[in-house]
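Please load the model in the viewer and keep the sequence panel open beside it.

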Amino acid sequence: MRMALAAITLTANTLTANAQEPRRRHHQREVWQTDTPMVHDPVMAKEGDTYYLYSTGMGIQRMTSKDRKTWTVLPHPVMTVIPGWTTDSVPGFGSHVWAPDVIRWHGRWWMAYSCSTFGKNGSAIGLLSSRSLAANLWKDEGCIVCSHDWKVQPGGTTVGDNWNAIDPNFVIDDADTPWLVWGSFWDGIQLARLDTTMHLATRPVTIARRHRPDDPNAAENPTSRYAGRNAIEAPFIFRHDGYYYLFVSWDYCCRGTKSNYRVAVGRSKHVAGPYLDCEGKNMLMGGGTLFLEGDKKQWDAAGHCAAYTFDGEDIFICHGYSATQAGTALLIQRPIRWTADGWPELL
């Protein structure tokens with residue numbers, strides 16, 4: 001299932017945004033089109049005959065397309081006003097909103113998004129809802145989950161949460177029950193069941209780590225408020241043919257040509273896991289089958305992925321760091337095919 005990025009075609013563009021202060025409106029921008037979108041942490045949805053692309057940016061960047069080739073960059077972001085609770089919950093957060101996810105469930109569109117500051121786990125996942133993606137009207141539904149800075153105090157007492165409330169992904173199970181999976185570094189990927197308002201109904205549990213807990217490479221620095229070496233994040237769960245497939249990103253993003261981001265996968269018959277790789281190793285104990293990585297010629301790295309079924313075709317998207325364009329983060333789209341034993345591959 002390992003596939004070098006040299007075989008991948010993609011689209012890219014340079015996307016600009018105006019900075020703003022919390023609770024203030026974004027400046028209006030002109031509508032323009034591109035067949036080469038630049039994005040970070042992309043997700044997609046389709047409503048009617050239109051595709052919607054959302055990604056990290058000031059207030060959440062958004063584009064539309066009829067064919068997933070030519071994209072229209074819309075003149076204002078999803079969140080033209082940043083809710084006041086976000087800066088109250090996450091000191092230092094402004095308007096640069098990370099890693100959205102979007103899903104339709106019970107007649108509404110639901111969007112989760114991340115409020116954080118780089119390298120810290122004092123974070124929050126917010127929630128928006130809308131009747132239609134075309135309406136451009138999103139209702140603030142408050143906070144889904146919040147994490148607090150984790151640290152070890154003198155004497156070994158821990159305070160805060162040993163997980164990070166960023167990189168959310170919705171999944172609906174076979175019983176039509178919503179779940180949320182999220183997480184970055186610290187103790188890895190978290191999962192919790194949601195209620196009918198799309199807020200937490202259960203406490204989070206860890207379902208995947210980059211390393212075994214007893215692996216010395218995973219040790220946290222007890223004097224640091226920053227992430228340790230458990231470099232796993234950006235989960236996405238995709239249902240296919242009786243399995244839930246958990247995609248995660250390993251190692252480091254956001255370093256341009258020095259990024260070494262890559263995607264691994266495991267699967268389970270149950271949404272709560274356990275998720276096993278193709279050799280039967282539990283992702284909770286550091287398992288995961290390498291699915292996608294860079295070749296250092298065309299792409300240095302790739303990650304933060306999503307997977308969808310559009311018009312009967314399964315597709316995989318993520319962002320990749322271009323080795324030929326100074327590490328620019330570009331959109332990657334590829335069809336998924338399935339092996340005889342039920343594992344995904346990229347065409």
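This is a predicted model: local features need pLDDT of at least 70, side-chain atom pairs count only at pLDDT 80 or more; totals for chains, interfaces and linings use all residues.

Now display the whole chain as a cartoon. One helix and 25 strands are present. Of the 347 residues, 58% are buried. Among contacts with a separation of 6 or more, 54% link residues 24 or more positions apart.

Next, select the open sheet made of four strands, which run in the order β14-β15-β16-β17 with antiparallel pairing. At its edges lie β14 (169-172) and β17 (205-208), each of which pairs on one side only. Averaged over the sheet, neighbouring strands are turned by 35° against each other, direction ignored. In general, strands of a sheet pair through backbone hydrogen bonds, either parallel or antiparallel. Zoom in on β15 (residues 178-182) and β16 (residues 189-193), an antiparallel pair held over four bridges. Here Trp179 stands opposite Arg193 of β16.

Move on to the largest nonpolar core, which has 51 residues. Show the side chains with the most contacts inside this core: Met44, Tyr54, Val102, Trp138, Phe247, Tyr308 and Phe316. Strand β22 (residues 299-310) gives the most to the core, with six residues. Centre the view on Phe247 and display its surroundings. Leaving aside residues up to four places away in sequence, Phe247 touches a set of residues including Ala234, Pro235, Phe236 and Phe238. Val263, Ala264 and Val265 are also among the residues touched by Phe247, as are Phe291, Cys305, Ala307, Phe316 and Pro344.

The last stop is Tyr321, in strand β23 (residues 313-322). Is this residue buried or exposed? Tyr321 counts as buried because its relative accessible area is 3%, whereas the cut-off for burial is under 20%. Finally, draw a C-alpha to C-alpha distance from Tyr321 to Asp300; the two are 5.5 Å apart in space and 21 residues apart in sequence.

Methods. Residues are numbered from 1 along each chain as its sequence is written. Side-chain values use heavy atoms; hydrogens and water are left out. Two strands pair if DSSP finds at least two bridges between them. Helices (H or I, at least four residues) and strands (E, at least two) are DSSP runs, numbered from the N terminus. Axes are lines fitted to C-alpha atoms, for helices over the stretch in contact, and angles run from 0 to 180 degrees between N-to-C directions. A nonpolar core is a set of buried Ala, Val, Leu, Ile, Met, Phe, Trp, Tyr and Cys residues joined through side-chain atoms within 4.5 Å. Buried means under 20% relative accessible area, exposed over 50%, partly exposed in between (1.4 Å probe, protein chains only). Contact means heavy atoms within 4.5 Å.
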